[in-house]
Each structure stands twice: as C-alpha cells, then as structure tokens.
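Biologist: Can you walk me through this fold? Start with the pocket, then the sheet.

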Amino acid sequence: MIKIFFKLAVVVLLVPAFTHATEHNHKSNADVKPIELLVYKTPTCGCCKKWISHIEDEGIIADSKDFRNISNIKTKYGIKPNYRSCHTAVTRSGFVFEGHVPAKFIKQFLSEKHDNAIGLSVPAMPIGSPGMEVGERFMPYNVLVFFKDGTSKVYAKVNTYEEQF
C-alpha cells in the first residue's frame, strides 16, 4: 500500500512540470515568425522559379515581382557587380539574398547578428546549386556574406550537393 502511495505521489508531483514544459514549447513555436522574402526576378527565368520552389519547400514564404531589368534594384540594395546573380531576394528588414543561396544558409544568417552586412550572395549561377540542378552535375561554390563597405568574406563552402540541405 505504501509503494502505491509513493508512486501516485510522484506522478501527481511530476504531471504539472511536464504540462508546463509542453505549454512552453508550444508557445515558443507559435512565436516563431516565418521568413518572408520579396524576390525580384525577370519573368522568363526558369532557374529563379526553381529556386523559389526550393525556399518554399524549406518553409520560407516568397512573393515574387517580375521586372525586365533588375540591375537598378541590385544597385538600390548595394549589390556590387561581382556579387550579382539572376535574382535578388529581400527581407522586410532589408537583408538581401542574391542568387541561388540555399534556404539553409538564409535561415542560419537570419538567426545570427552580422554588423554592417547587407546579406548573402552566391555569385553567378553555379551548376547544382538550388534552382540550377542539371542532372547529377555539381560545381562546388562559396556562399559569401557581403558588407556595406563593398567587402565580403566566405560565409559557407558548399563542396557537395548534400551540404546545401
């Protein structure tokens, strides 16, 4: 009888702790705001559409705007010619993701603090990057973080297709 009493007492004491932990986790998940990007692209670019599908598959909300020429937009956001690619994505807070940046690195970057950073870039259009898939072909590439003073540094090295996800 005493064993049953102790078991019951332990259960009664632990249930509120588990309930509170579950409620706390539920609330913190609800407080997480989704990442939203406005993607500037040309209307006929198929790789841009494939990249948008990639980021949406990874839970990022994308709204796109088509322009015949987006070089003025790139200039507006401070994207120097050596960091440019085919499309430009911008957060509401003004961070820029230029080209075929994997969603994994967008999420990582936005969870960190970066002084004087404009955003991330995958210059040019590397074969095998998200949206640039061509069969089994893959070309290793760097994801750069670029800054307001025009400089950049390597943010991530992507040596295999799998490292993008």
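Modeller: The largest pocket holds about 180 Å³ of space. A pocket, on a 1 Å grid over the protein atoms alone, is an open set of points where a 1.4 Å probe fits, with protein on both sides within 12 Å along at least five of seven lines. Its volume is the space filled by probe spheres set on the points, which are joined across faces, edges and corners. This is a predicted model: local features need pLDDT of at least 70, side-chain atom pairs count only at pLDDT 80 or more, and totals for chains, interfaces and linings use all residues. Residues are numbered from 1 along each chain as its sequence is written, and side-chain values use heavy atoms, without hydrogens and water.

Biologist: Which residues line the largest pocket?
Modeller: K33, P34, I35, E36, T91, R92, S93 and L110. Lining residues have an atom within 4 Å of a point.

Biologist: How do the lining residues divide into nonpolar, polar and charged?
Modeller: Three are nonpolar, two polar and three charged. Ala, Val, Leu, Ile, Met, Phe, Trp, Tyr, Cys and Pro count as nonpolar, Asp, Glu, Lys and Arg as charged, and the others, Gly among them, as polar.

Biologist: On to the sheet. What is the strand order?
Modeller: β2-β1-β3-β4-β5-β6-β7, an open sheet of seven strands with mixed pairing. Neighbouring strands are turned by 20° against each other on average, direction ignored. Strands (E, at least two residues) and helices (H or I, at least four) are DSSP runs, numbered from the N terminus. Two strands pair if DSSP finds at least two bridges between them.

Biologist: How do β1 and β2 run, parallel or antiparallel?
Modeller: Parallel, with six bridges joining β1 (residues 36–41) to β2. L38 has D63 as its bridge partner in β2.

Biologist: What lies across β1 and β2?
Modeller: Helix α2 (residues 46–57), which also lies across β3 and β4 and runs at about 175° to β1. Axes are lines fitted to C-alpha atoms, for helices over the stretch in contact (heavy atoms within 4.5 Å). Angles run from 0 to 180 degrees between N-to-C directions.

Biologist: And the hairpins?
Modeller: β3 (residues 88–90) and β4 (residues 96–99) run antiparallel over three bridges. Five residues sit between the strands, and G94 takes a positive phi near 100°. β6 (residues 141–147) and β7 (residues 152–158) are antiparallel too, joined by six bridges. That hairpin has four residues between the strands, with G150 at a positive phi near 95°.
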